Amino acid sequence: MMVTYRSRFLTRAEVWYDNEPDDTPSVDWILYFRRSHPIPGATTKLIYTYAIDLTKSHDQLLVNLNKDTAYKIRRARERDHILCKCCNPRDETVINQFEQMYNTFATVKGLAPLDRTRMESMAVAGVLDMSVAEDQQGNALVYHANYRDRHRATSMELPSLYRKLSDSAERNFIGRANRYLTWSDILRYQEQGLKCFDFGGWYQGNDPEMLKINDFKKGFGGQVVREYQCERILTMKGWAVLHAASLLKQAGLLSLRPKEQAVRTLPDLATGQVPVSTD
């Protein structure tokens, strides 16, 4: 399964897990995500993620939740009356609402705006899974956008307005909604026969904020998994454009989105996904 789309001057493709690319003559650049083994001849980067084994029973998954996470999921469901819904990623209204929240979230975090072309290409390919947690009035609190195939799902984006809120009660409310939506996604994937859910990365450094995000993930019970991210540039045009972009970036003349960086700075999804709250 391969997702193909235009990225400024190049036609880019993504291949996830251990799937293989389809027809590639029109592709300049392929990124391979979450490989169990390196791609021969490709530029490869070792990454880590945190994964949940969905072949376990519902009771086993429930037992693996830590006390704090289980409590916040129950409270979100029973006292906050949060409602978790699946969204149609090919519905323009859904994408518009998701993009609006994401871009607000990205501005606060100092991230690039949503790469909508990429998201829409995933939706067309049938590999984009979207869900939302709403309050009792139907207001969206947090969205989840995950990549999925028949066997596995991976967290990609989790925007909310959490970072804009100053009131701790409201921030905690959204934090509980995020946990409940994550749990809802996990159970839904299990019911649909998927074998694995991963959180999109596992931080290996010492930044206290990022370590709190690791704690958020550990609350669901799972294990750290080592995988590979690979890159192959297939055309001379691809080499020329990416090399030029790399030189401009080094000179401070160009600011690149993470997935538009050249081979020397292969994008790393292992530390790029930030849950809306770790409270």
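A salt bridge here is a side-chain nitrogen of Lys or Arg within 4 Å of a carboxyl oxygen of Asp or Glu, and helices are DSSP runs of at least four residues, numbered from the N terminus. The model in these views is predicted.

**View 1. Lys-218 and Asp-215 pair up within helix 6.** Their closest N and O atoms sit 3.4 Å apart. Both residues belong to helix 6 (residues 208–218), with three residues' separation, or about one turn of the helix. Lys-218 is partly exposed, at 44% relative accessible area, and Asp-215 is partly exposed too, at 43%.

View 2. Glu-99 and Arg-116 meet through their side chains at 2.7 Å, N to O. Glu-99 comes from helix 3 (residues 92–109) and Arg-116 from helix 4 (residues 116–125), so this pair ties together parts 17 residues apart in sequence. Asp-129 and Arg-188 make the other bridge, at 2.9 Å, N to O. That one links distant parts of the chain: Asp-129 is in strand 6 (residues 128–134) and Arg-188 in helix 5 (residues 168–191), 59 residues apart. The structure holds 18 salt bridges, and Arg-34, Arg-152, Asp-198 and Glu-227 are linked in a network of them.

**View 3. Glu-231 is buried with no salt bridge.** This residue is part of strand 10. Look for an opposite charge and the nearest side chain is that of Arg-12, 8.3 Å away; the cut-off for a salt bridge is 4 Å. What the Glu-231 side chain does have is a polar contact with the Trp-29 side chain, at 2.7 Å.

**View 4. Strands 1 and 2 form a hairpin.** Two residues come between the strands, and Arg-8 in the turn has a positive phi of about 55°. The pairing is antiparallel, over six bridges, and Val-3 has Glu-14 of strand 2 as its bridge partner.

View 5. Arg-35 partners Tyr-228 of strand 10.

How values were computed
Residues are numbered from 1 along each chain as its sequence is written. This is a predicted model: local features need pLDDT of at least 70, side-chain atom pairs count only at pLDDT 80 or more; totals for chains, interfaces and linings use all residues. Side-chain values use heavy atoms; hydrogens and water are left out. Two strands pair if DSSP finds at least two bridges between them. Buried means under 20% relative accessible area, exposed over 50%, partly exposed in between (1.4 Å probe, protein chains only). Lys and Arg count as positive and Asp and Glu as negative; His and the chain ends are not counted. A polar contact is a pair of N or O atoms within 3.5 Å; within protein, one must be able to donate a hydrogen and the other to accept it, and residues adjacent in sequence count only if both atoms are side-chain atoms.
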